[in-house]
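Here are my notes on the model, as numbered points. Please read them with the structure open.

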Amino acid sequence: MAERVVVAMSGGVDSSVAAALLLEQGYEVVGVMLRLWSEPAAPTLGGTVEAATNRCCTVEAVHDARGVAERLGIPFYVISAEEAFKARVVDLFIAGYAAGQTPNPCLACNRHIRFGHLLRYARSLGAAHLATGHYAQVGVDAGGGYQLRRGADRAKDQSYVLSVLGQAELAQALFPVGGYTKPEVRALAAARGLPTASRIDSQDLCFIADGDYRRFLAEHAAEAVRPGPILDRAGRELGRHRGLPFYTVGQRSGLGIAASQPLYVLELDAARNALVVGPAGELGRGRLWAGPMNWVSGQAPAAAFRAEVQIRYRAQPAPARIAPLPDGTCEVTFDAAQRGVTPGQAAAIYDGAVCLGSGVILRTAQT
Amino acid sequence: MIYLDHSATTPVDPRVVEAMSPYWTEVFGNPSSIYGQGRRAAAALEEARGRTAAILGCQPAEIVFTSCGTESDNLALRGVALAAAQKGRRHLITTPIEHHAVLHTLADLAEHFDFEVTIVPVDHTGLVDPAAIEAAIRPDTALVSVMYANNEVGTIEPIAEIGAIARRRGVPFHTDAVQAGGILPLDVQALNVDLLALSAHKFYGPKGVGLLYVRKGTRLLPTQTGGSQERGRRAGTENVPYIVGLATALELAQGEREAEAARLLALRERLVAGILAAIPDVELTGHPTRRMPGHASFLVHGADAQSLLIALDLAGIAASSGSACAVGTPTASAVLTGMGYDATVALGALRLTLGRASSEADVETVLARLPGIVAAVRGNR
């Protein structure tokens, strides 16, 4: 009997082609879409409050995905994951901002929802694999362990948001479009009469109705949005800020301070609720500490090693020395100072095309 | 595929399809037209009304054809409530286990039309106490509405007793009999009802047609106005082929009812006994004996209904958690919480409803596959 594989479908080109390719490879394919939490909409005339739709699973997305499933002749289900998504992704997002971080909820979603909740669900349905439309690849190392590799289309690579996976997840994960470029995937879709447009990109804040996270935080985590002082490195108060979540590291404009040279956001200091600013020359960060570390291999390296470190979804990886620390975190020392190193984002470690793992950036230092 | 969701809907009986066939292209007239085509359509309509009335034991003029069970319930509740309000009666009585067609309509009357609704509790098996209904009746009570048989747990309510009380107290009595059509006796005199709603697709008729029985003398305002069809109680050109289909399906189903009920009861007993014996931590919901013959409903503790239904579908078994009208929302059934079940426990509801296509082999297949499916789904938690 054919192996059963559950495909997370979005109605867009990537997951639709993924499902079609698996079907052609002889798998028994089951399409699913997760219904995720979204902030409640305004009350309707009748007084009932209806949930706004998460932008990953709008009525249109469900309609499109169902249409693709119908076309491919595979079953399709919408699975409720609102509670898990709220608890494991949205609440962490809010807590991250409250702690002065700039979190990336996509990593939490892949770890806890797609390759947590949904993978367990797939197993309970007797599926041998869980497939997604991510641009990433699963490889095998010399010792037989699973590797997470960048997608063949370097410009579309999504291994960064999957850097939270481990051996148990990769053993069952399939990324059928990871070996293709985006134009190739569009051509595969067109040849099969499937949708050729992309759905939501990994990086969008799907659960925020209008995509405005500052408004969202002001409404849902008012305690995280408190005015406070703007300080320079020496601790002198230069002005007042409107609430730390309104600023990101490296930001220049909008500070409302007259100074002899342009000032940039250097740090969000949650403990003092202070925005620390300084000249462009102080933006570079030579070191960061990240953790807790997820090592894809399941084994933390025994000693410090050289590799490349990527500090944001689309950032260029930079050469660095990585030193694992006894507490499960690690210290990253860049060869050259990097701009835009932001606590809350992940530091993903790469050896060429192979992603070795990642950890959340906890703090940074200039040198 | 093994279809075990006959409470959601049924396939149309081929004999019904056959009876409907002349009314698409041959006898297509508007029953209100004066020429031959119209007269023939009107004759078919009235003939169907007569056959339907004979089954219900009422006058043909007491039958109002509608588009579905939900519309029938709406017409009954809104029509009677708004007429009674003219006389200053604004109190309505119902139970917590009614279909949304009733509960949401009464909620709307309360929220937007200034009515007051008393919800009389049910016991742990879903049974309504007629004495509790009587105790809730007030001088300004406009209507009592209690379903004939519950869709989610199969419990059959003491309709005739409640009807006798309502009549003695001079209060109109409505029953949503949508689940009972083709399964239970439908004589409106024996049932002591003033209003009774049916839907054809529950008894092997087409979707999109239903009826409301309205006892002569029951004051009811129309909710849909326009032409004078259905004696001014439901405006709109009559759906002749569907109405013929409803009448034929009702005749066939009520005619074969007793033999079919006995067959289904035996199958259900085997199904229920088999499931309770083979799977730990499963309980039957609803009344153990006062329930529809083909209806089996359970709480599968430690499993969530959504996973269970998907796994069953992938195993070729069509089932549901309760009301097909409430699918997609993983919230606990108000019927089960109304019966006193905890909301978290109620998420494991599983409903298997047998019907004409069901065989012993189907039951044995389910008994063979379900334990493994439940174990896998429970392992996911």
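1. Start with a turn in chain A. The hairpin of β17(A) and β18(A) has two residues between its strands, and G352(A) takes a positive phi near 65° there. Bear in mind throughout that this is a predicted model.

2. Next, the strands of that hairpin. β17(A) covers residues 346-351, and six bridges join it to β18(A) in the antiparallel sense. I349(A) has G357(A) as its bridge partner in β18(A).

3. Strand β12 of chain A, residues 285-290, runs antiparallel to β18(A) and is joined to it by four bridges. A290(A) stands opposite I361(A) of β18(A) in this pairing. Strand β13 of chain A, residues 294-295, is also antiparallel to β18(A), with two bridges. There, N294(A) has S358(A) as its bridge partner.

4. Which strand of residues 146-150 pairs with β18(A)? The answer is β6 of chain A: two bridges tie it to β18(A), residues 354-365, in the antiparallel sense. L148(A) stands opposite C355(A) in β18(A).

5. Now place these strands in the domains. Chain A is divided into domain 1 (4-191), domain 2 (226-281) and domain 3 (285-365). The C-alpha centres of domains 1 and 3 of chain A lie 25 Å apart. Their contact takes 20 residues from domain 1 of chain A and 17 residues from domain 3 of chain A. On the domain 1 side of this contact, β6(A) gives the most, with four residues. That side divides into seven nonpolar, eleven polar and two charged residues.

6. β1 of chain A (residues 4-8) and β4 of chain A (residues 129-131) run parallel and are joined by three bridges. V7(A) stands opposite A131(A) in β4(A).

7. Turn to chain B. Its domain assignment gives domain 1 (2-8 + 257-379) and domain 2 (14-255). Their C-alpha centres lie 28 Å apart. The contact takes 23 residues from domain 1 of chain B and 23 residues from domain 2 of chain B. On the domain 1 side, α10 (257-278), β10 (295-300) and α12 (334-338) of chain B give two or more residues. α12(B) has the largest share, three residues. By class, that side has seven nonpolar, eleven polar and five charged residues.

8. Last, the interface between the chains. Twelve residues of chain B are in contact with twelve residues of chain A. On the chain B side, the elements that give two or more residues are α11 (305-314) and α13 (360-379). The largest share, six residues, comes from α11(B). By class, the chain B side has six nonpolar, five polar and one charged residues.

Definitions and conventions. Residues numbered from 1 in each chain as written. Chains lettered and ligands numbered in written order. Predicted model: local features only at pLDDT ≥ 70, side-chain atom pairs only at ≥ 80, totals over all residues. Pairing = 2+ DSSP bridges. Contact = placed C-beta atoms within 7 Å. Nonpolar A, V, L, I, M, F, W, Y, C, P; charged D, E, K, R; others polar. Domains from an automatic or database assignment.
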